[in-house]
Amino acid sequence: MPDYGKIWTQQNSQLKPWIGVAMSSDGSRQTAVIYGDYIWTSPDYGVTWTQQASLSKLWWGVAMSSDGKYQTATAYGSYIYTSSDYGVTWTQRATSKYWFGVAMSSDGSKQTAVVYGGYIYTSNIDVSIGIGLALGCNW
């Protein structure tokens with residue numbers, strides 16, 4: 001039975017400098033990032049966690065679509081990385097910056113990221129007419 005954040009239970013995770021987390025709309029898929037370490041995913045409501053990608057970065061932010069299929073993670077002093085397979089594989093995007101937070105629409109087609117001490121960047125949004133373009137390619 002859902003408790004809407006009233007009771008908190010420690011799960012099978014390691015003691016690490018966790019810094020960001022995102023989840024699918026039903027909570028079944030979750031992704032967490034560790035500053036100076038790796039990306040971790042859970043397919044079972046956060047009960048078990050698996051390290052993904054061999055990318056040790058200064059991860060800062062992570063966002064995912066409502067079904068968890070599309071995910072984006074930001075690395076401070078590095079790049080933006082995207083996944084279209086529930087966080088299993090990651091592809092480098094954009095240019096190296098001090099990427100900080102990231103958010104995306106429920107279908108993942110529209111994304112916004114911010115740079116610490118810099119600007120706001122959008123992906124796949126034609127601001128002149130407000131229409132999304134191809135997923136995760138243009139920052």
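Two strands are said to pair if DSSP finds at least two bridges between them. Strands (E, at least two residues) and helices (H or I, at least four) are DSSP runs, numbered from the N terminus. In the hairpin of β6 and β7, which has four residues between the strands, Gly117 takes a positive phi near 70°.

**Basis of the report**

The structure is a predicted model, in which local features need pLDDT of at least 70 and side-chain atom pairs count only at pLDDT 80 or more, while totals for chains, interfaces and linings use all residues. Residues are numbered from 1 along each chain as its sequence is written, and side-chain values use heavy atoms, with hydrogens and water left out.

**Overall architecture**

The chain has nine strands and zero helices, so that its elements, read from the N terminus, run β-β-β-β-β-β-β-β-β. Contact means heavy atoms within 4.5 Å. Among contacts between residues at least 6 apart in sequence, 32% join residues at least 24 apart. The chain exposes about 7900 Å², of which carbon and sulfur atoms supply 55%; accessible areas come from the Shrake-Rupley method with a 1.4 Å probe, and for residues only the protein chains shown count as cover.

Strand β6 (residues 111-115) and strand β7 (residues 120-123) pair in the antiparallel sense over four bridges. Val114 stands opposite Ile120 in β7. Ile120 is exposed, with a relative accessible area of 62%. Leaving out residues up to four places away in sequence, Ile120 touches Thr112, Ala113 and Val114. Ile120 and Trp99 are 21 residues apart in sequence, and their C-alpha atoms are 9.7 Å apart in space.

**The salt bridge**

A search of the whole structure finds one salt bridge, the term denoting a side-chain nitrogen of Lys or Arg within 4 Å of a carboxyl oxygen of Asp or Glu. Asp37 forms this salt bridge with Lys16, and the closest N and O atoms are 3.7 Å apart. The pair links distant parts of the chain, 21 residues apart: Asp37 lies in strand β2 (residues 30-42) and Lys16 in the segment before β1 (18-23). Side chains of opposite charge can pair when their charged atoms come close. Asp37 counts as buried at 13% relative accessibility, whereas Lys16 is partly exposed at 29%.

**A nonpolar surface patch**

Ile19, Tyr35 and Leu58 make a nonpolar surface patch of about 220 Å². Patches are made of residues with over 30% relative accessible area and no salt bridge; like charges are joined within 9 Å, and nonpolar side chains (Val, Leu, Ile, Met, Phe, Trp, Tyr) within 5 Å. Ile19 is found in strand β1 and counts as partly exposed at 34% relative accessibility.

| Side chain | Backbone atom | Distance |
|---|---|---|
| Trp90 | oxygen of Gly87 | 2.9 Å |
| Gln30 | oxygen of Gly27 | 3.1 Å |
| Ser42 | nitrogen of Gly46 | 2.9 Å |

Trp90 is found in the loop between β4 (71-83) and β5 (91-104) and is buried, with a relative accessible area of 12%. Trp90 and Ser54 are 36 residues apart in sequence and 9.5 Å apart in space, C-alpha to C-alpha.Gln30 lies in strand β2 and is buried at 11% relative accessible area. Leaving aside neighbours within four places in sequence, Gln30 is in contact with residues including Ala22, Met23, Trp40, Tyr45, Trp49 and Met64.

Ser42 is also found in strand β2 and counts as buried at 3% relative accessibility. Beyond its neighbours within four places in sequence, Ser42 is in contact with Ser28, Arg29, Gln30, Val47, Thr48 and Trp49.

How values were computed. Buried < 20%, exposed > 50% of the residue type's maximum accessible area, 1.4 Å probe, protein only. Polar contact = N/O pair within 3.5 Å; in protein donor to acceptor, adjacent residues only side chain to side chain.
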